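Hello,

Here is the structure I said I would pass on. My notes follow below it.

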Amino acid sequence: LSAYNGSVLGEMALRENEPAVFRAFEIAMPIRDLKAITQENKAVKQDVVPIRNRQGQVIAVLIREKDVSESISTSKKLDELARTAGQLTETTIKEGSVAMKEIHHRIKNNLQTVASILNIQARRSSSEELRNALKENISRVLSIAAIHDILTKNGIDDSVRIKDIIEKIRRNIKLYAVQGHKDILIFIRGDDIWVSADKATSIALVINELISNSIEHAFAD
């Protein structure tokens, strides 16, 4: 059963109509399930197999075509439905993203408020031991706040770059823990990876403790 209404015998084959045919000639390999537009403007799928002479040269091709015009029309309708659904989903995601950003923003602000209160207590305290303990807790609180600060920009994405976290921790430690050692420099080197917010919180606290303890115990005084 022919997919053509009339005869195409002797008609010129063009690359835009017969991409599978030209490709089969070029690579001398069978081509399967490639879409094409016939000279009668019908959408078809082609299977093309090269025919070789005794020297192995491709001298012709055998073509099998399947009319897919109707399925393409259905596919276009499905694509339109998918686009509509995608637009609705995108709207929902945007709304969710705004809500998540607001949540992380509030958490960050609350944690920074806690850190500020601890800092006020540390400055008012006459006990050096208590001041040091409060400063350690300030660093811990700000390490967690740093994650929510990053997530504020990400929206519904709950993953963060590890170097972004470490950079914020470095700044906080320079601000609160390195005050007595102005000549200390903290550099960040290494690969950058993405981690989930849950893992980021644990990592941030570990890194904060490592750097804080290094500063606390590295000097004779």
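**Confidence, sheet and surface patch**

Among the elements of the chain, strand 5 (residues 194-196) has the highest mean pLDDT, at 85, while helix 2 (residues 69-124) has the lowest, at 70. Please keep in mind that this is a predicted model. Over the chain, pLDDT averages 77, and 78% of the residues score at least 70. Where pLDDT is low, the predicted coordinates should not be read in detail.

Three strands form an open sheet in the order 1-2-3, and their pairing is antiparallel. Strand 1 (31-37) and strand 3 are the edge strands, each pairing on one side only. From one strand to the next, the twist averages 35 degrees. Strands of a sheet pair through backbone hydrogen bonds, either parallel or antiparallel. Strand 1 and strand 2 run antiparallel and are joined by 5 bridges. Within this pairing, Leu34 has Gln46 of strand 2 as its bridge partner.

Val49, Ile51, Ile59 and Leu62 make a nonpolar patch of about 340 Å². Both strand 2 (43-52) and strand 3 (58-67) supply at least two residues of this patch. One of the patch residues, Ile59, lies in strand 3. Ile59 has a relative accessibility of 53%, and because the cut-off for exposed is over 50%, Ile59 counts as exposed.

To look at the patch in the viewer, select Val49, Ile51, Ile59 and Leu62.

Regards

Definitions and conventions. Residues numbered from 1 in each chain as written. Predicted model: local features only at pLDDT ≥ 70, side-chain atom pairs only at ≥ 80, totals over all residues. Heavy atoms only, no water. Patch = residues over 30% accessible without salt bridge, like charges linked within 9 Å, V, L, I, M, F, W, Y side chains within 5 Å. Areas by Shrake-Rupley, 256 points an atom, 1.4 Å probe, with all protein chains shown as cover. Salt bridge = Lys/Arg side-chain N within 4 Å of Asp/Glu carboxyl O. Helix = DSSP H or I, 4+ residues; strand = E, 2+ residues; numbered from the N terminus. Buried < 20%, exposed > 50% of the residue type's maximum accessible area, 1.4 Å probe, protein only. pLDDT = per-residue confidence, 0-100. Pairing = 2+ DSSP bridges. Axes fitted to C-alpha atoms, helices over the stretch in contact; angles between N-to-C directions.
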